[in-house]
Amino acid sequence: MPATHNQSNQALPPLPFALTTVWLANTGSLLLPISNLTNLLAQNRLGGISPIAFAGLTAAPALVAVVVPMAMVAIVFRKDLGKRYSSVPVQRMRVAGTSGAVASVDRVLLGTSALVLAALLPALVVGVPVWLPSSIAALVLAVVFFVRRQSVLRMTLIPWSLLLFSGGLFLAMEALQNLGLPVLLTALAGAGNAPRDLFRLAGTSLVGSNLTNNLPAYLALEPVADSTPRLLAVLIGANVGPLVTPWASLATLLWHSRLEKMNVLIPWRGYALFGLVLAPVTVGLSVLTMILVTA
């Protein structure tokens with residue numbers, strides 16, 4: 001799956017790094033409630049347990065979900081990753097989406113953003129409503145950018161087309177639910193907490209996420225997740241599985257949109273071929289780990 005870039009002197013191959021980003025954006029979202037909206041819904045279904053307790057349930061399969069994609073990158077791109085590449089000056093860099101404009105690195109802006117992120121992460125897991133620390137962080141960053149680099153604050157930062165697309169997915173999902181999709185998924189997902197039942201449920205979640213989107217798929221399968229192991233199986237399929245189709249997760253759509261702005265082109269066909277191998281392997285090993293840990 002070749003990836004192209006508009007700069008002929010680009011020394012660093014974008015493909016392994018681009019795939020690592022999108023794969024971990026999906027598979028790495030299993031650990032905490034804040035990592036994915038499906039996790040927040042699952043946290044509520046589990047009785048509103050604390051983020052630490054939630055992480056205790058998901059830690060083992062989440063670790064596997066991160067290690068397997070990294071191992072695939074290391075194996076498939078071992079030749080590219082084993083080479084030496086020329087360093088890129090950090091003082092001046094091209095700003096994506098600004099027609100080749102060049103801007104100096106703002107160390108104050110970078111440092112402030114890093115501090116906000118460092119403060120935000122623990123604030124999101126201490127149990128306070130998620131909207132509160134996230135809103136404060138967004139406000140602080142907006143003020144800092146307004147003072148330091150006002151030109152980047154544009155309405156185009158909001159991915160309007162992706163939001164409309166996602167809204168259309170949910171409308172379509174609602175129509176399918178009225179047409180009997182929950183009954184069909186219940187039949188496919190089966191019942192029970194035996195290992196084969198959990199693999200079956202996670203596989204159904206994986207397929208449903210790639211056919212529709214991980215959030216609608218989770219909502220459709222949540223009624224059959226009548227135990228903690230079954231709920232975790234649904235979550236693994238919905239978090240780790242959306243690696244095949246572009247619409248399977250919002251993270252994938254945002255990733256591809258960002259790559260286009262940077263003039264890095266990765267064809268969806270090649271992305272899907274990688275995902276067809278990686279998704280079932282990662283989901284299967286994550287479910288197996290969950291079963292072994294909870295046995």
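Modeller: A salt bridge here is a side-chain nitrogen of Lys or Arg within 4 Å of a carboxyl oxygen of Asp or Glu. The model is predicted, so local features need pLDDT of at least 70 and side-chain atom pairs count only at pLDDT 80 or more, while totals for chains, interfaces and linings use all residues. Residues are numbered from 1 along each chain as its sequence is written, and side-chain values use heavy atoms, with hydrogens and water left out.

Biologist: How many salt bridges does a search of the whole structure find?

Modeller: One joins aspartate 226 to arginine 230, with the closest N and O atoms 3.5 Å apart. Another joins arginine 148 to aspartate 106 at 3.0 Å, N to O. For the whole structure, the search gives a total of 2.

Biologist: How many residues apart in sequence are the parts that arginine 148 and aspartate 106 tie together?

Modeller: Helices (H or I, at least four residues) and strands (E, at least two) are DSSP runs, numbered from the N terminus. Arginine 148 belongs to helix α6 (residues 131-148), whereas aspartate 106 sits in the loop between β3 (102-104) and α5 (107-123), so the parts tied together are separated in sequence by 42 residues.

Biologist: Is arginine 230 buried or exposed?

Modeller: Buried means under 20% relative accessible area, exposed over 50%, and partly exposed in between, with a 1.4 Å probe and protein chains only. Arginine 230, at 1% relative accessibility, counts as buried.
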